[in-house]
Structures are given as structure tokens and as C-alpha cells.
Amino acid sequence: MWRSFDHTFQRVLTLNELEQYRKRSPEQIKKEDPELYTRISQDVKAWTDLWIHHVRTAVVPLPEKRLAAAHRTAERVDGILRDHFRARGWPYRPLDVVFLPPQVFLDETHRENLTAGMFIPFYPDSIFVSVDWPVPIELVLVHEILHYNKTGDVFGRPVQEGLAETGARFLVVKYDLLTTRSLRRLDTYSTERKGIELVLEAIMKRTGKSRDEAVDLFLGAFLTGNQDRMNEIFGDQTWERVIKLSNTRGDWQTHRIKAALGE
Ligand SMILES: [Zn+2]
């Protein structure tokens with residue numbers, strides 16, 4: 001997809017714009033040059049909408065009923081999270097959901113590379129989600145909405161993925177969207193989640209709070225970007241060490257996390 005955009009951009013953008021588009025990430029362009037971002041994103045949206053229509057109707061026809069049911073699920077998840085965020089004073093940005101046939105997400109040459117949701121660079125404020133397979137819509141949506149609503153870039157990728165997934169699992173069970181039993185069969189982000197569990201256990205041990213409250217605290221730090229509570233619980237230096245581990249490639253490992261936590 002990247003490549004086909006690139007080809008078309010060669011005709012649409014000036015040479016300077018094209019170079020910026022190649023060098024900078026969509027987030028960077030959005031911040032530094034909102035006008036260029038808008039231009040690129042309008043084109044991407046128009047082409048992608050054509051593609052969506054094509055895969056939904058010609059490639060793998062999606063029944064209207066199935067699509068309507070999926071949209072009702074998305075609305076329910078949105079309402080639940082909106083209230084959950086409001087009750088905690090966390091800012092909430094809703095995410096548009098585009099449902100696609102599962103086949104679009106299957107890479108035939110790498111069958112192990114399963115993904116159930118994706119963002120398309122420059123396509124504004126939307127998540128593309130597979131209808132029902134391989135991971136339940138409810139879990140994918142909560143996971144992606146948590147990602148989308150994070151503030152700042154405090155944590156590195158393993159904490160972002162592990163915490164979005166741990167938080168999503170906690171919330172879908174709390175609000176009766178899925179059962180604990182149905183989650184047991186899914187091993188999504190298991191390595192990243194292992195590290196998150198260590199941090200949660202340490203929070204519980206230091207504060208005497210429940211696991212639910214610990215998840216809430218860690219999610220709050222992720223969503224608001226404010227680390228005050230975590231610094232209070234762990235001390236600035238310890239918490240800084242944990243954050244650093246998540247930002248250094250390959251370092252999010254249980255023995256390192258334990259050492260950073262002083263355990
Ligand atoms: Zn994710």
C-alpha cells in the first residue's frame with residue numbers, strides 16, 4: 001500500500017513536498033505542516049474509500065446484516081469507554097471504525113502474521129478492523145481505542161502493546177463484552193503482557209491495592225501521560241528505569257524488569 005501511494009504522490013505533490021512526505025512520519029507532518037497533512041490525507045482517504053468499497057463488494061462480499069451488527073458492537077464499545085474515561089477524568093477521542101472482510105488481513109505468504117486491526121497512514125482518525133476473525137471485535141476495538149487515546153510518548157512499544165492489551169482484557173470483562181474464558185484461548189501479546197503483570201504486582205505490593213485498581217493506575221499514566229502517581233509509588237528513579245527498559249529495543253524481559261523494580 002505504501003508503495004502505491006508513493007507512486008501517485010509523485011504526480012500529486014511538488015518535489016519538496018514529496019521529499020518531506022518520504023522523510024517524516026504522518027504524526028510529524030501533522031504537527032509541523034498541517035496543510036500538507038490535509039492534502040495527503042484527502043487523497044489517501046479518497047483512494048482508500050474506493051478500495052474499501054471494492055473489497056467489500058467485489059473481493060469478499062460482506063453481508064449488510066453482518067456489517068450492521070459489527071457497527072452496533074462498535075457503538076456499544078464506544079459508549080462504554082466514553083463513560084469509563086469520563087468517570088476518571090481522562091480525555092477521550094472517539095475512533096471511526098471501518099470493517100473489512102477478514103481475508104484482507106490474511107497475508108497468504110506469511111500465514112503466521114495475523115492481525116485483526118490496523119491504522120492506515122494518513123487516513124484520518126480511523127481503525128480498520130476485521131469482522132470477527134481472528135480476534136473478537138470487542139477486544140480489538142478496546143485495544144486500539146486505548147492506543148489511540150494515549151498522551152505523549154513516555155512508554156516504548158512493548159509497554160504500549162502490553163498495556164493496551166492488558167487494559168483491553170480488563171475492560172471487556174468488566175463491562176461484560178467478553179468472558180474471561182473466551183480470552184483464555186487468545187495469546188495476543190503474551191510476552192509484552194508478562195512484563196506488564198510484573199509492574200501490576202509491584203503496584204499491588206507497594207500500595208495494597210487490588211489488581212483492578214493497579215490496572216487503572218497504570219492505564220491512567222499511559223492515557224494522560226502524567227507519571228506523578230507512578231513516581232509516588234515507585235520513586236522517580238525506579239520508575240524512570242522501567243520506562244527506559246520499554247524504550248530500549250529488546251530490553252522488555254522479565255529478569256530485567258524485576259531488577260529495575262528492585263525485586
Ligand atoms: Zn496494539
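A crossing of two helices is called left-handed if the near helix is turned anticlockwise from the far one by less than a right angle, and right-handed if clockwise.

What you have here is a predicted model, in which local features need pLDDT of at least 70, side-chain atom pairs count only at pLDDT 80 or more, and totals for chains, interfaces and linings use all residues. Residues are numbered from 1 along each chain as its sequence is written.

First, the overall picture. The protein has 13 helices and 3 strands; these are DSSP runs numbered from the N terminus, helices being H or I with at least four residues and strands E with at least two. Its C-alpha atoms fill a box of roughly 55 × 45 × 40 Å along the principal axes.

Next, domains. There is domain 1 (1-59), domain 2 (63-149) and domain 3 (151-263), with bounds from an automatic or database domain assignment.

Now the helix pairs. Helix 5 (residues 64-88) packs on helix 6 (residues 137-148) at about 45°, with axes 10 Å apart. Axes are lines fitted to C-alpha atoms, for helices over the stretch in contact, and angles run from 0 to 180 degrees between N-to-C directions. Helix 5 and helix 6 are therefore oblique to each other: under 35 degrees counts as roughly parallel, over 145 as roughly antiparallel, 65 to 115 as roughly perpendicular, and the rest as oblique. The crossing of helix 5 with helix 6 is right-handed. Residues in this contact include Ala-70 and Val-77 of helix 5 and Leu-141 and Ile-145 of helix 6. By class, the contact has 8 nonpolar, 1 polar and 1 charged residues.

Helix 13 (residues 254-261) has two partners to show you. How do helix 9 and helix 13 cross? Their axes come within 9 Å, at roughly 25°, which makes helix 9 (residues 190-207) roughly parallel to helix 13. The crossing is right-handed. Lys-194, Gly-195, Leu-198 and Ala-202 of helix 9 meet Thr-254, Ile-257, Lys-258 and Leu-261 of helix 13.

Helix 12 (residues 236-247) packs on helix 13 at about 160°, with axes 8 Å apart, so helix 12 is roughly antiparallel to helix 13. This crossing is right-handed too. Among the residues in contact are Val-242 and Leu-245 of helix 12 and Ile-257 and Leu-261 of helix 13.

Conventions
Contact = placed C-beta atoms within 7 Å. Nonpolar A, V, L, I, M, F, W, Y, C, P; charged D, E, K, R; others polar.
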